[in-house]
Amino acid sequence: WAANHDTHRIDIFDIDTGDYAGYTPTCSTPLDLNYHPVRQEMLVRCAAADDDSPGEIDFFSTYSISANHELVDFNMTGMRAYGRIETHSSMGNHGFATQYDKNHLTKFDLSSKEILETFEIPKAYASYQLTYSPVNEHVFAAVRVCCTCGTNETDLLSCGREPGSPVLVQTGPSASDELQDGACSGTCKGSKADTIGVAEFDTVGGTFVGEHNSAAGNGCVPLSSPDGKTIVLAPFDGGKTARVLKAGKNGEASTIAADIPVDFEGGSPGSAAISDVAFIQDDTRNFIVIAGSVDNNVVIADMDDGYRMVKLTLSSNAEATAAGNRQVEWAVGSNFVWVNGGQTEEMYIIEVGNTIDSARVIRTVSDVPDGKVAFINNYERAAETAGTPSTVLGKAENKLEISDNTSAIAIAALIIGCIALVWVVALAVSRSSAAPPAKSARPAKVVADAEAPEQRSDSDTVTLGSKQVA
């Protein structure tokens, strides 16, 4: 499943062959996909309703893609509602959504499609990126604020595409009860006013339990591990650090586990350099792979060895080979990590053994169009046949031919290389699976989660690849 925000539709591909199965129309500008295995439904988060789809969250039955369903409507008359969504079987019949111009989290009913409640985020203008941990049943929302702009003395030198206007700045050195010339939301990311960072919300108790910022203290984006035990904060510090949180008990704020000194080169203060992370987790490894878009390095850190790290060079190219959004993905169950270089249309294959010191680039694949990178495996079929996952490498409508030895390396990797495809989610795989996979097809540490809530089902332990993506 892939959201195509140019044509306002969902494109669907065969999980085994990569063949194009068809499409179904949806609401305007689909931004996010979220698969719910218990309901066997794909949720689509859009920027706005339209005449044919009166709502911002659409629903599709994964067994009847042409069936029409009622949408969740945010009642945004004449406005767009960019944002993200999170659902999970441990949330029951509920989901949560963010909006880039509203200072609250929205709780909605998956069955009635009604807005149940909103929760105001203190001192926030809005929120956007969102992730969920089933370990403590908390959501983590990237908070957006207002800031002053336009001079050397303000929070930001530039106000962006539009001139400043009177806004209420509630955070940072310019905070005041009086209106000031400034801007809000995405413009203020990484500014002196971006002092909240991420708000942590308890979905059970319905309260905010903590705030988490980067080491630089100027904002960040939350990224969760597949098992929900680890939340990475990707900062706006130009590529200096990555903060790692550990999820604790329900109702209690997560704690800082480490600040990894990734020190990517080429970034500038106030901007994001970490574009993606992946997790290698099995019986012997508990690694995090961090990709930067400003240079040609990746960092691999051992979370069981005090976050000791190594830095690996992907290319000798003097310029960054990423097209501003470098992607990284572990082929689950293997020793191989895929990292893209969209600017030069390359894919780098890293082999990682039992230690981070063993990591090395073993191959560079050429002529790979820029796009998202996601690990795909038909876990349902693997459970039925206990067979070896097949390899699929393709892009939208054209398949990419590779040699036999590369196919052995791939192990069920699927590369969608179409700029218009803004996100990829595999049926029966994303975040969880309707049927548990064969024992050999998933990492043991993801299966055995003693800290998870009792109601957490086995299906929740299977994710799309080495990250939570929806």
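Which loop holds H8? The legends below take up this and other close-ups of a predicted model.

**View 1. H8 sits in the loop between β1 (2–4) and β2 (9–13).** The phi of H8 is positive, about 55 degrees, although H8 is not a glycine. Most residues other than glycine have a negative phi. H8 counts as partly exposed, at 31% relative accessibility.

**View 2. D263 also has a positive phi, near 50 degrees.** This residue, again not a glycine, is found in the loop between β21 and β22 (274–281). Its relative accessibility is 37%, so D263 counts as partly exposed.

**View 3. A disulfide joins C27 to C46.** The structure holds four disulfides. In this one the S to S distance is 2.2 Å. The torsion about the S-S bond of C27 and C46 is about 80 degrees, so this disulfide is right-handed. C27 lies in the loop between β3 (20–25) and β4 (28–36), and C46 in strand β5 (residues 41–48). The pair therefore ties together parts that are 19 residues apart in sequence. C27 is buried, with a relative accessible area of 0%. C46 is buried as well, also with a value of 0%.

**View 4. The disulfide of C146 and C184 links distant parts of the chain.** The S to S distance here is 2.0 Å. The S-S torsion of C146 and C184 is about 100 degrees, so the disulfide is right-handed. C146 belongs to strand β13 (residues 146–148) and C184 to strand β15 (residues 180–184), 38 residues apart. What is the relative accessible area of C146? It is 7%, and C146 is buried. C184 has 18% relative accessibility. The cut-off for buried is under 20%, so C184 counts as buried.

**View 5. C147 and C188 form a disulfide.** Their sulfur atoms are 2.1 Å apart. Is this disulfide left-handed or right-handed? The torsion about the S-S bond of C147 and C188 is about -80 degrees, so the disulfide is left-handed. C147 lies in strand β13, while C188 lies in the loop between β15 and β16 (198–202). The pair therefore ties together parts that are 41 residues apart in sequence. Both C147 and C188 are buried. With bonded cysteines counted along the chain, the disulfides of the protein chain follow the pattern 1-2, 3-7, 4-8, 5-6.

**View 6. Four strands form an open sheet with the order β18-β19-β20-β21.** The pairing is antiparallel. Strands of a sheet pair through backbone hydrogen bonds, either parallel or antiparallel. Which are the edge strands of this sheet? They are β18 (220–224) and β21 (255–260), and each pairs on one side only. Neighbouring strands of the sheet are turned by 25 degrees against each other on average, direction ignored.

**View 7. Strand β18 runs antiparallel to strand β19 (residues 230–235).** C220 is buried, with a relative accessible area of 3%.

Key:
Residues are numbered from 1 along each chain as its sequence is written. This is a predicted model: local features need pLDDT of at least 70, side-chain atom pairs count only at pLDDT 80 or more; totals for chains, interfaces and linings use all residues. Side-chain values use heavy atoms; hydrogens and water are left out. A disulfide is a pair of cysteine sulfur atoms within 2.5 Å. Helices (H or I, at least four residues) and strands (E, at least two) are DSSP runs, numbered from the N terminus. Buried means under 20% relative accessible area, exposed over 50%, partly exposed in between (1.4 Å probe, protein chains only). Two strands pair if DSSP finds at least two bridges between them. Axes are lines fitted to C-alpha atoms, for helices over the stretch in contact, and angles run from 0 to 180 degrees between N-to-C directions.
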